[in-house]
Structure formats: structure tokens, C-alpha cells
Amino acid sequence: MPSPVMGHRPVVILNDDKQTGRPMKGIDLRTNDRSMVLESAPGQRLRRVGNQVYVMSALPTPFNSPVTSFSPVFRELPFRPASRFTGRRVHFVGIGGAGMSGLARMLKDCGAIVSGSDSQTNSQTIALSKLGVRISRDQHGQYLDKTVDLVVRSAAVKDDHFEIRAARAMGIRTVKYAQLLGEVMQERLGIAVAGTHGKSTTTAMTAYALLRCGLEPSFVIGGTVPQLGGVGSRSGTGESFVAEACEYDRSFHNLHPTVAVITNIEEDHLDCYGGIDDIVESFQTFAGLLPGNGILIANGQDTNVQRVLRQTDCQVQTVSMGKPAVWSVSPRGIVNGCYQGEVTLHGRAMAWLKLSVPGEHNLMNATMALAAAHSAGADIESAASAISEFRGVDRRMTYLGQYAGAHVVDDYGHHPTEIRKTLQALRERYTPRRLICVFQPHQHSRTRHLLEDFASSFALADQIIMPDIYFVRDSEEERRRVSACDLVRLINQRGQSARHIPAFDQIVDHLRREVREGDLVVTMGAGNVNEIAIDLVS
């Protein structure tokens with residue numbers, strides 16, 4: 001079945017050997033504003049199957065090898081309009097982050113002159129330095145002067161940062177990361193993955209599928225992915241740009257997607273939203289960014305997503321589990337906690353998913369990723385096979401090792417729904433004697449707003465251990481309004497076993513005394529609670 005969106009730029013694939021003078025047979029694919037002309041070499045014929053073109057060859061090339069893998073008979077001659085960043089000087093303040101470093105690499109590949117600063121050296125800054133990007137650690141404006149065209153800052157960089165103040169004094173335009181993300185997305189086929197839960201995993205699954213299908217995507221993911229080179233970003237040669245779209249501070253309103261995904265919508269980030277109605281309205285604005293020929297891939301079983309869809313004019317592809325929808329997945333079994341399911345498109349069976357990551361919720365994430373990858377030109381069966389082999393994003397039910405015969409896992413979950421889904425998935429995966437959850441609440445404002453929901457979310461844990469709340473993005477006044485002890489008390493009132501142990505080293509000592517063979521220990525939270533698990537297994 002042809003992909004509904006084929007992109008923005010023409011790509012021509014021509015025969016390498018033009019010396020024979022033999023007539024060429026070709027297939028001309030034209031959808032929207034893209035043209036792909038495929039010409040066969042002597043002794044070959046081409047066969048189109050959906051959006052894939054196969055070489056049927058008597059020459060020494062792989063039989064039935066897809067052109068998208070570029071067998072020796074073909075070369076790709078991409079034509080791209082000149083980037084608005086070509087030849088321009090762009091400076092990144094906080095260049096070492098996953099998203100910032102990915103954009104820096106993409107701009108350099110577009111011909112921009114890139115520099116940056118970061119107080120920390122990491123694998124991203126080292127890789128950029130090897131590409132010729134000048135990076136300063138002192139962040140005192142070493143590479144800032146009036147010839148710089150644009151200064152970009154990460155979300156962590158405040159208005160009073162020295163380099164931001166210096167850039168403004170010189171009259172240099174400054175933008176936040178999300179703004180630049182949107183400007184870069186305008187030049188590509190943007191796939192923006194949004195939602196309260198599952199967006200990092202769904203983004204990574206989509207990027208991995210496109211990469212395995214030979215479409216060479218660029219991507220920016222809010223986490224590192226071992227199967228994607230151990231990084232969270234990449235500058236690819238293909239036209240697709242897959243990006244995680246965060247609703248915090250309405251930053252995803254800066255994007256320019258052609259394909260948008262909404263995994264689900266719940267109350268969160270109530271430090272910048274007034275409530276669920278405000279959040280739904282924000283997602284409606286995000287969906288409204290799609291062009292007339294854009295595609296919205298949306299959870300068809302989420303009531304808040306349904307509210308968004310009622311205000312949407314673009315093409316909508318709903319996704320469901322076990323119920324009719326444009327894309328539907330029917331669970332067909334579970335192996336070691338990893339779900340399998342048959343995927344249908346408009347009621348027609350198209351592929352099987354046999355996941356390598358645990359949790360029924362990931363079957364839904366995988367189906368949405370499959371729909372997104374297909375919209376960007378991936379063959380459905382090939383994409384499903386790739387997604388089935390995907391082994392996860394770091395800090396998403398990540399196995400770290402053992403202590404005293406107990407398994408130790410780390411997870412990023414920091415919302416009540418994520419806690420419930422993750423604990424269920426871990427029980428199915430490991431069937432532990434006891435499940436001990438070390439949960440670090442993330443943000444005082446989130447803890448206060450969702451306190452009752454948090455208190456009821458640990459039903460599948462046998463023991464809950466809680467350090468102090470991770471303090472970030474909140475005021476001192478907010479900090480005084482709620483504590484970890486408040487949450488521990490409510491959990492215990494529900495008949496469960498929870499205790500507050502403030503310091504990490506105290507928690508590690510407690511676990512070393514308490515843990516037995518057959519137990520499962522999971523550290524959970526968006527802060528630095530993973531340090532406890534790392535210390536325990538070390």
C-alpha cells in the first residue's frame with residue numbers, strides 16, 4: 001500500500017553505468033510534490049510493491065533487494081533546496097544536551113558554521129569537536145562576536161546567562177531550543193511525537209524503523225537509545241526528521257510537523273497548565289500546526305485525545321487496541337512479559353508485532369510508531385519487523401544487573417499512570433517474589449497536584465521506599481507545601497508498606513540488608529534516583 005505522505009523534496013535514483021547505450025526501463029513515482037524516477041540497468045527490471053521498488057536482476061546484485069538499501073547498481077542523487085542555515089554562524093549555549101547536540105550536527109551538515117559552549121564535556125561534545133565544532137567550557141563568550149547570526153539556548157539556560165546577555169547586547173537574535181527545532185523541521189518531513197506518556201519510546205521506535213528500512217532519518221529523542229548508537233539524536237541524509245514533541249511550557253507549539261502523533265493526554269505539568277481543559281486546548285493548537293496534507297496519528301481510545309480530534313481538520317488516522325480503528329492491534333500472546341499482536345489497517349491484516357520490550361502499553365506505542373513510519377515511506381512489514389526487534393530507550397525498564405540474586409531495574413516513570421503500567425509490565429516480565437519500588441517524586445508541584453493519584457498507584461509493589469522529592473523548576477514556596485512524607489503517609493493509609501528514607505546512601509544500605517534472592521528492585525523517577533540502582537549492582 002503506498003505511503004500517504006512521501007515528503008517534500010525530489011529524489012532521483014539513476015543507473016551508475018551510462019556507457020551501454022541500452023534503453024532504460026523505469027518507474028515514475030509521483031505523490032504530492034515529490035517525484036522519484038527509477039531507471040533500471042541493462043538486464044534488470046523493476047517492480048513496485050507499495051512504496052517499495054525492487055530490483056529483479058540477472059546481474060550480480062542481491063535478488064529482490066529493495067532500492068531503499070541502495071544495491072551497487074544504484075546511487076542516490078538527492079536534491080535539496082539550500083538550507084536557510086547554510087553559511088550562517090550559529091552558536092549553541094548548552095550544546096552538550098541530546099537535543100541541542102543533534103540540532104548542532106544537523107545544522108553543520110546543512111553548511112552552517114557551528115560553535116557552542118557547555119560547562120560539561122560528554123560524548124556529544126567530543127563527537128562535535130571531532131567534526132570541527134568549536135566548543136568552550138567556560139561559557140564566557142569566547143566564540144561570540146557580531147558575525148554570529150543566531151544564538152540558541154537549551155531549556156536549562158536562563159535569561160541572565162552571561163552568553164545570552166552578551167548576545168543580546170551585540171544585537172544577535174537568540175532563540176530557545178524548541179524554536180530552532182521547529183525551524184529545522186520546516187526544511188524536512190517532520191514527524192512530531194507528542195503525548196503525556198510514551199513519547200520517547202514511540203519516537204525511538206519510529207526512528208529505528210525508518211533507519212532499518214533504509215530511509216536514513218534524522219531524529220531527536222528525549223533519551224539515549226543503545227540501538228541508535230547510544231545517543232538520542234542523529235543527523236541523517238534522508239528527508240524524515242523524527243522529534244519528540246514536549247508539551248511542557250507549550251514548547252511543541254514551535255514545531256512544523258507534516259505528521260503528528262498524539263499517544264495520550266492526561267493531567268501533568270500543572271505548574272504551567274491550569275488543568276485538563278487547558279492541556280487539551282494546548283494539544284488542539286499542536287494538532288492545528290499540521291498542513292492541509294498532513295496526517296494526525298492519534299490514540300482512538302483516549303477520551304481527551306477524542307476532544308482534540310473534534311477540532312481537527314487534517315487527515316486523522318486513529319489507533320486502537322482490540323477495537324476498530326484505522327490502525328488496530330489485537331493482542332495475540334505474551335512471552336516473558338513482551339506482547340505480540342496482529343496489526344490491521346482499515347480492517348485488513350498487514351503485519352505482526354512481536355515486541356522485545358515488556359508491557360501491553362508498548363504494543364500501543366509500537367502500533368503508533370508503525371503508522372508514523374509508514375506515513376514517511378516505510379514498508380509496513382519491514383517496519384513492523386524492525387519495531388519488533390527494538391529493545392528500548394535507556395531508563396525505560398532498563399535491566400542493570402543483580403544483587404544477592406535479585407534483579408535490579410531502572411525506569412524513568414514519574415506520573416501515576418506510568419507507575420501503574422510499569423509495575424504491571426515488570427511483574428509480567430520477572431514474576432518476582434517481592435517487588436521493591438524505590439520511587440523518587442519529581443517536582444513538588446507535580447507531587448502536590450497529583451498526590452491522591454500517586455498514593456493509589458503503587459498497588460502492585462510490595463514495598464515502597466521514597467527519598468526526598470527531586471527539586472526542580474519549583475519555587476521555595478512550592479517546596480514547603482508538600483514533602484515525600486505526605487505521600488508515604490497516604491500510601492500507608494491504603495494498607496501498603498511505604499517508608500521515607502531521605503538520603504541515597506541510606507537507601508542503598510537498607511536494600512543491601514533487605515533484598516533477597518527472587519526479589520525485583522526497581523528505581524523509578526525522572527530525577528537521579530537511578531544512582532541508587534547503579535550503586536546497588538556495583
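The exercises below, each with a worked solution, concern a predicted model.

**Exercise 1.** Determine whether E247 is buried or exposed, and find which side chain its own side chain meets in a polar contact.

*Solution.* Begin with the position: E247 lies in the loop that runs between β15 (240–244) and β16 (259–262). Next take the accessibility, which for E247 is 3% in relative terms; because buried means under 20%, E247 counts as buried. Then turn to the surroundings, where E247 touches G195, T196, K199, F252, H269, Y273 and F283, once residues up to four places away in sequence are set aside. Finally, the side chain of E247 makes a polar contact with the side chain of K199, at 3.5 Å.

**Exercise 2.** Classify the packing of helix α5 against helix α9 by angle, and state which residues make the contact.

*Solution.* Helix α5 (residues 199–212) and helix α9 (residues 380–388) pack at about 125°, and their axes are 8 Å apart. Angles over 145 degrees count as roughly antiparallel and 65 to 115 as roughly perpendicular, and α5 and α9 are therefore oblique to each other. The crossing of α5 past α9 is right-handed. On the α5 side the contact is made by M205, Y208, A209 and R212, and on the α9 side by A383, A386 and I387. Sorted by class, this contact has 6 nonpolar residues, 1 charged residue and no polar ones.

**Exercise 3.** Locate R250 and A404, each of which has a positive phi although it is not a glycine.

*Solution.* Most residues other than glycine have a negative phi. R250, with a phi of about 60°, is placed in the loop between β15 and β16, and is partly exposed at 27% relative accessible area. A404, with a phi of about 55°, is found in the loop between β22 (398–403) and β23 (406–411), and at 47% relative accessibility also counts as partly exposed.

Notes: Residues numbered from 1 in each chain as written. Predicted model: local features only at pLDDT ≥ 70, side-chain atom pairs only at ≥ 80, totals over all residues. Heavy atoms only, no water. Helix = DSSP H or I, 4+ residues; strand = E, 2+ residues; numbered from the N terminus. Buried < 20%, exposed > 50% of the residue type's maximum accessible area, 1.4 Å probe, protein only. Polar contact = N/O pair within 3.5 Å; in protein donor to acceptor, adjacent residues only side chain to side chain. Contact = heavy atoms within 4.5 Å. Axes fitted to C-alpha atoms, helices over the stretch in contact; angles between N-to-C directions. Parallel < 35°, antiparallel > 145°, perpendicular 65-115°, else oblique. Left-handed = near helix turned anticlockwise from the far one by under 90°. Nonpolar A, V, L, I, M, F, W, Y, C, P; charged D, E, K, R; others polar.
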